[in-house]
Amino acid sequence: MTKTKTVYFGAGWFNDKQNDAYKKAMKALEENPTIDLENSYVPLDHQYKNISVEENPEYLRDREWETATYRGDLTGIKASDVMIGVYLPDEEDVGLGMELGYALSQGKYIVLVIPDEDYGKPINLMSWGVCDIALKVSELKDFDFNKPRFGFYDGAVY
């Protein structure tokens with residue numbers, strides 16, 4: 001298997017649970033031989049002017065930073081082969097929902113990645129509806145992105 005697919009990595013990092021899921025999913029992608037992570041779009045690695053809003057929260061009220069960050073992320077989705085959304089069933093993320101919808105409108109292959117301990121919990125109908133497949137984080141490192149396929153989620157929706 002060769003590294004042929006780029007991804008847009010949609011994931012929250014605003015609390016401990018999100019950070020943990022983010023790190024586990026990123027590690028799995030780093031180990032996946034079909035992902036070209038070096039040429040992929042990870043929003044945290046593409047902050048406008050390298051401004052960290054964790055260190056500089058005042059930029060969350062800066063129109064230039066807001067617009068450039070939003071537009072940069074849309075560009076990242078358009079330029080990537082695959083949209084990966086790290087999804088936490090107990091913590092709906094409006095931003096991730098928007099990214100998933102935009103990726104669908106761009107014809108991207110969409111993968112929801114759910115922490116193993118949360119897999120099977122009910123998820124939002126719209127988030128499920130836009131994804132092509134939902135994987136456990138533990139399945140991500142071995143998934144062949146060169147052979148995309150459809151798969152149902154093994155849990156309920158709400």
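1. Start with Thr34, in the loop between helix H1 (16-31) and H2. A polar atom of the Thr34 side chain lies 3.1 Å from the backbone nitrogen of Phe145. Thr34 has a relative accessible area of 0%, and buried means under 20% (exposed is over 50%, partly exposed in between; 1.4 Å probe, protein chains only).

2. A word on the source: this is a predicted model, where local features need pLDDT of at least 70 and side-chain atom pairs count only at pLDDT 80 or more, while totals for chains, interfaces and linings use all residues. Residues are numbered from 1 along each chain as its sequence is written, and side-chain values use heavy atoms, leaving out hydrogens and water.

3. Now look at helix H2 (63-79). Helices (H or I, at least four residues) and strands (E, at least two) are DSSP runs, numbered from the N terminus. At the start of H2, a side-chain oxygen of Asp62 comes within 3.2 Å of the backbone nitrogen of Glu64. The buried residues of H2 are Trp65, Thr69, Gly72, Asp73, Leu74, Gly76 and Ile77. Their cover includes E1 and H3, judged by contact (heavy atoms within 4.5 Å).

4. Which residues lie nearest the centre of the largest pocket? They are Trp13, Phe14, Asp73, Gly95 and Glu99, out of 22 lining residues. Strand E1 (7-10), helix H2 and helix H3 (94-105) each give two or more residues to this lining, and H2 gives the most, with six. The pocket holds about 440 Å³ of space. On a 1 Å grid over the protein atoms alone, a pocket is an open set of points with protein on both sides within 12 Å along at least five of seven lines, whereas in a cavity a 1.4 Å probe fits but cannot get out; lining residues have an atom within 4 Å of a point.

5. Finally, the whole structure has one cavity of 30 Å³ or more. The largest cavity has a volume of about 90 Å³, meaning the space filled by probe spheres set on grid points joined across faces, edges and corners. Among the residues lining this cavity are Gly12, Gln18, Tyr22 and Glu91. H1 gives the most to the cavity lining, with three residues.

Methods
Polar contact = N/O pair within 3.5 Å; in protein donor to acceptor, adjacent residues only side chain to side chain.
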